[in-house]
There are 4 protein chains.
Amino acid sequence: MDYDVKDLTLAGQGRLKIEWAEASMPVLRLVRKRFAKERPLRGVRIAACLHVTTETANLMQTLQAGGAEVRLCASNPLSTQDDVAASLVAHDHVPTFAIKGEDNKTYYEHIRAALGHHPVITMDDGADLVSTLHRGRTSGKILGGTEETTTGVIRLRSMAKKGVLKFPVISVNDADTKHMFDNRYGTGQSTLDGIIRATNRLIAGAIVVIAGYGWCGRGIASRAKGMGADVVITEVEPLKALEAVMDGFRVMAMEDAARIGDFFITVTGNLKVIRKEHFLAMKDGAIVCNSGHFNVEIDIPVLEKLARRRRMVRDGVEQFVLTSGRRINLLGEGRLVNLALAEGHPSSVMDMSFANQALSVEYLAKHGRSLKKQVYPVPPAIDKEIARLKLAGMGVRIDKLTKEQAKYLASWEMGT
Amino acid sequence: MDYDVKDLTLAGQGRLKIEWAEASMPVLRLVRKRFAKERPLRGVRIAACLHVTTETANLMQTLQAGGAEVRLCASNPLSTQDDVAASLVAHDHVPTFAIKGEDNKTYYEHIRAALGHHPVITMDDGADLVSTLHRGRTSGKILGGTEETTTGVIRLRSMAKKGVLKFPVISVNDADTKHMFDNRYGTGQSTLDGIIRATNRLIAGAIVVIAGYGWCGRGIASRAKGMGADVVITEVEPLKALEAVMDGFRVMAMEDAARIGDFFITVTGNLKVIRKEHFLAMKDGAIVCNSGHFNVEIDIPVLEKLARRRRMVRDGVEQFVLTSGRRINLLGEGRLVNLALAEGHPSSVMDMSFANQALSVEYLAKHGRSLKKQVYPVPPAIDKEIARLKLAGMGVRIDKLTKEQAKYLASWEMGT
Amino acid sequence: MDYDVKDLTLAGQGRLKIEWAEASMPVLRLVRKRFAKERPLRGVRIAACLHVTTETANLMQTLQAGGAEVRLCASNPLSTQDDVAASLVAHDHVPTFAIKGEDNKTYYEHIRAALGHHPVITMDDGADLVSTLHRGRTSGKILGGTEETTTGVIRLRSMAKKGVLKFPVISVNDADTKHMFDNRYGTGQSTLDGIIRATNRLIAGAIVVIAGYGWCGRGIASRAKGMGADVVITEVEPLKALEAVMDGFRVMAMEDAARIGDFFITVTGNLKVIRKEHFLAMKDGAIVCNSGHFNVEIDIPVLEKLARRRRMVRDGVEQFVLTSGRRINLLGEGRLVNLALAEGHPSSVMDMSFANQALSVEYLAKHGRSLKKQVYPVPPAIDKEIARLKLAGMGVRIDKLTKEQAKYLASWEMGT
Amino acid sequence: MDYDVKDLTLAGQGRLKIEWAEASMPVLRLVRKRFAKERPLRGVRIAACLHVTTETANLMQTLQAGGAEVRLCASNPLSTQDDVAASLVAHDHVPTFAIKGEDNKTYYEHIRAALGHHPVITMDDGADLVSTLHRGRTSGKILGGTEETTTGVIRLRSMAKKGVLKFPVISVNDADTKHMFDNRYGTGQSTLDGIIRATNRLIAGAIVVIAGYGWCGRGIASRAKGMGADVVITEVEPLKALEAVMDGFRVMAMEDAARIGDFFITVTGNLKVIRKEHFLAMKDGAIVCNSGHFNVEIDIPVLEKLARRRRMVRDGVEQFVLTSGRRINLLGEGRLVNLALAEGHPSSVMDMSFANQALSVEYLAKHGRSLKKQVYPVPPAIDKEIARLKLAGMGVRIDKLTKEQAKYLASWEMGT
């Protein structure tokens, strides 16, 4: 078997971690069980370019259980867990090409290696497989691909628009069951987790300022309130601001919030949300962090200029002393605080996302041939099925429409 | 001035009530203020067929302030507040045609009277004005209409589909600022209010079963939890059921919930959600009510058959004694419990809805001529403006995008 | 049978109401069941001077079931429900002496009539029976009494201190199971209920200022937060203020709160908590009410002086227009808003209180002879038993200590 | 200067950590500021036997600022932070005797060294200084001592009871401002923190079973609910169980809870709260931990016997595979999960506790001579003062009683 991982002796430790993740991935487990019985991917060659983590390992096992021949490489040189990669090779016999910290050249060699068995389906997290295929190789026989991230989807849509996309791609990113978990429940918990680990500060009684009241912001606000904070929201969209008010939060301009906050969390998707005038207004000891995708939400360059001194005061906590003597503490260099200072999303969050991946692959295997060369959303039936499986995995039983009810609803939708 | 109301001596009392409503309608107040200055409806003839309530009176005053010539009739013979009608005539000089309990003949005479000044804009709550205009009269000169309810919108969409709609209509019902307030915050509070008024029971420590986790169900669940209840959700949609679980509620089939609930609230939009097998499983003393639009959600006919005895035990509470001896208490005959047993939505909820009406009328006056004979949503700019005004009315200041931020967002949406 | 009630034909209606209350008084029902079997009050003559309400009727039935000979009179001329009194006479054969609105002379005649069968146990709500007995009659044979209110207890303690109390009295007021329900859960829900009924205003998104963070204040704060309010607390005690902060509420001086509140609720037990400077600082349309025992918490005389005009704008809402033009709305004349504008505590709250009464009476019948002429708390075993019964009534099963656990705890308390 | 620490070169790093703690110890900062001005401990010799942590360092600095001559040793050989000890010596010139992992002999030598300057006041966390003084040395000149823990207080009370205590001791443990923070807010946050760090599991949607609804249990329940869990409480005390029900939680016997829980947290103060029958009933993958003081609440020996296999699956997570194949995960060997797997209480929690220490020491310096040889609670005035300082430190302003109000309250308390 072909592979390139750091150290096969790490396999035992990797397996433990994969099993721990598995325990909170009930949906993927149920999918795997069915796949093992029905073998819907028998003989389907798949190349996957994903973060090589415990959850991805479970996804690989699931595809294999369905009969697929999978090859895996990393979608980011830094996110590979070497013990997991070792276990995938040693125990699951998945040809894996990923070494944490690999250089750029190796990274692309690994991508090419993953494409070495002439896959008919691709799985991407950032569109690197698709790009590579479009650049060099023929991709005539490809049934389709899946894409995990916003960034990848934007890239692919742009390609589709220009008419250069050579096969259909399903955007897993847009599934309701992905969003719901990622943004609201995942980001909510893991952001607070990152902050508490980094600072060991008490949230109860503190004023927590959250910039942005989208799904992520709501999730964080709900958790911060649940920890006893006095939560303040800043927004630029009146509708969202109004929702925040009606949900019982104080809403104000950052200019005003800056003066009173103990913690500041940005999650807007915009840049320079906290900037010079805000830093200057903050209380001594304010804690500032970001939970948005890019580290541009806090204007760090200006903070560096304002500071007469800076130093690391705890792991992940850099303190900037302004000329006024006031200290501002920046967490995780302004990067996603839940990834930088905690473990990112819990496995049960990735469970939903990766179940969407597995079922989308199955869908492509069946229907790929009849799809156009476009970016497709996850079919709603898959989204709904995943919610159903998740409930089943939790042991939750829900109602079913009676025939009479189904008829009533249908007649209503038809407008009598 | 032409009018037909019950008793003009009620005008003083009506005025007090109109003023009380006004105090919690800041958005309409701000619109009125601008209208009074800009007079955007100068000389525009409007016919309105709406529930003649304190909030509608404020809407009429607002249109008048904008320069409109308004005539008003009732959209339901039972919802007219006679003192409000009297005040509209006596103090505001609005030709009003509405008497509580009027018979069917009078009801339609009043509709025709409201159309007596050849309006160019219509305002409907159930599409009766539009229907009347389409039936008998020419409607060539009509710029457009507005429609408040789902039922009316369904009727109008059907007409548009068949190509028989003679002028454009704006569906106020779909505005975000209407939904957000009506369903989540309005229904949430007023449903609990209706239940507590009717029963004087303690919610804390009780098991409250809510059938349906749409916006209304969420609103009710949130308020019931806030009152100390142990909330149980039933659903037929896996995605909504899953959201309920993730929000910390127990989710189960009605069959199981029936056995443990102290209170049952239906808000599904479907029929027979609580039916024979559920009644038979309920605890002695269970309280059952509905907050969905139609009184079909609880299968009352079957409850009547199951009961060996029935009697009114409190205002609005009918008790059915089953053959097992167990007692089931039905509130407000299964009609909307917040309307039947409390005062319906607070004025501040109607504020948003009626501000949408006022600004949609202004939009029709300006742009009606260029619209097609279709059903339109409320323009998003109006929705946003209303949220902005509501915040302003509450004294809440929010952030504005800097030029750099606006540019960044735009570039992002363009996909780099 | 001796009695004096308004109109026996009201008995049917009274019985319905008594049954409705019974349905949410599970503890009293369980006590009654045991009493009916064990007859611990066989032949015990009891005089009760209580508010003649549906809950009191259930208490009387319970004492009767235990074998007692009860006579009942009103503890307040205004709180008698005439239909309940009629039902007590007609259906339960309880000699009842109470007519709503009776004059002072009749009130005391009724008290004397209740004492007409030479009771050995008294039950008071304000100490009027005890006072009467101490004034005129010999009370040598009295085993003891119970007292429901703080005011009564203060009076009795003063008598005990001076050595003039002639028999032991149990202060029901101090039981944990009374406090817990009355103050936290009862007052919390019913205060919000009173405010919403009186105003029909939306609580979500409103700033609700609560003066006082004792048990009542906490209960109200918790419910207001649960309804979506932004809650502000004022306090004079640093420890309570700190608890409020740690519970996630904003705490500030009334001077500052006055400027931002939409609703103001006093529940401090002190006087003039809202006074001149606060009224002058309030926003136009502020709503002010009291949920403390006496109507002195809001300085109404000064409000009257500040107002250039006053009028009733809704049932229970008086509007004061200040010289600045700003309007302040006072609910229920500053009296307990839950009693003045809603129905007071739900029956399930009184259930706990009256179960304490019933079991204290049983205790006096058994142990009264051996008690001193003092004011006693409710025996802790009774308090605990009531909590146990309440849980049983709710179908809640809890753990029991194993022998090993009981021993461990005991050894620990002994300090090893 | 006399001292014994591990490595003085660690002092720089220690200082950073001490400063980080200082930033969230506003009360101690305010006390220190006053002490520096008033010097109430000028020349007072103090021996302190406490955990040598960043918070203790701040306490030492505070006492020094007040003029005291302090010597410090460790109250537990394992809890010493060597860098903090180094900084205390190098920067603060506090004679410190503490090395992490010191053997028993060294531990007692360090205690004796701390007593080397013939202190007049002792500070204990477990009564080791007091015991040593009572055993060997004369303690005639000692003004008094303070004690931090329950265990120490029990020991001292027993000594006082037997008449062998030679000087007065203040039990800091009982102060309201200590309890409030430690139990409710500290334990609540840090327990969830420990669980999330150890497992990286999602709390939202999970069933969290909490054994015990004392102050700690309430704190944990409130935080778990705030994270989106469905919280289940078990209790043996009916009153506490009832409170839990009224607070909206489900309450059941552990026997029933064992079947449904995803997480189990014991915090009862009792032993074998989770035992054989419960382990056998648990779902596969259940997570079990303890937040009570001793690691006896979970019956670990029986779990070991039930398991056919055990292994560490993550740091701090030991998995026991039962013969049924079901896996039970035990966190932190059943020790306090917030200490074993997170950082224990945030500094702001210790702030309150140590401010009580500092002010109690001042009190002893002033009044020690007039106290009896007993265990005293912290004077209520100190408790209140600390709450006041904490509010001041947070910038919260509260109301003061007017003269009229103070008089009214006083008259009321006198019972007129």
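Visitor: Leaving aside neighbours within four places in sequence, which residues is B:Leu63 in contact with?
Guide: Keep in mind that this is a predicted model. Once its neighbours within four places in sequence are left aside, B:Leu63 still has a list of partners. They are B:Leu41, B:Ile46, B:Ala68, B:Val70, B:Met123, B:Ala358 and B:Val361.

Visitor: How many disulfides does a search of the whole structure find?
Guide: Take C:Cys73: the nearest cysteine sulfur, on C:Cys49, is 3.8 Å away, while a disulfide needs the sulfurs within 2.5 Å. D:Cys73 is in no disulfide either, with the sulfur of D:Cys49 3.8 Å away. Over all chains, the search finds zero.

Visitor: Is C:Cys73 buried or exposed?
Guide: Buried means under 20% relative accessible area. C:Cys73 has a relative accessible area of 0%, so C:Cys73 is buried.

Visitor: What relation does the rotation that superposes chain C on chain A show?
Guide: The rotation is 180°, with 0.0 Å of shift along its axis, and the RMSD is 0.0 Å. That makes it the relation of a two-fold axis.

Visitor: Which C-alpha in chain C is nearest the axis?
Guide: This C-alpha sits 4.8 Å from the axis. The residue is C:Asp230.

How values were computed
Residues numbered from 1 in each chain as written. Chains lettered and ligands numbered in written order. Predicted model: local features only at pLDDT ≥ 70, side-chain atom pairs only at ≥ 80, totals over all residues. Heavy atoms only, no water. Buried < 20%, exposed > 50% of the residue type's maximum accessible area, 1.4 Å probe, protein only. Contact = heavy atoms within 4.5 Å. Least-squares fit on C-alpha atoms with pLDDT ≥ 70 in both.
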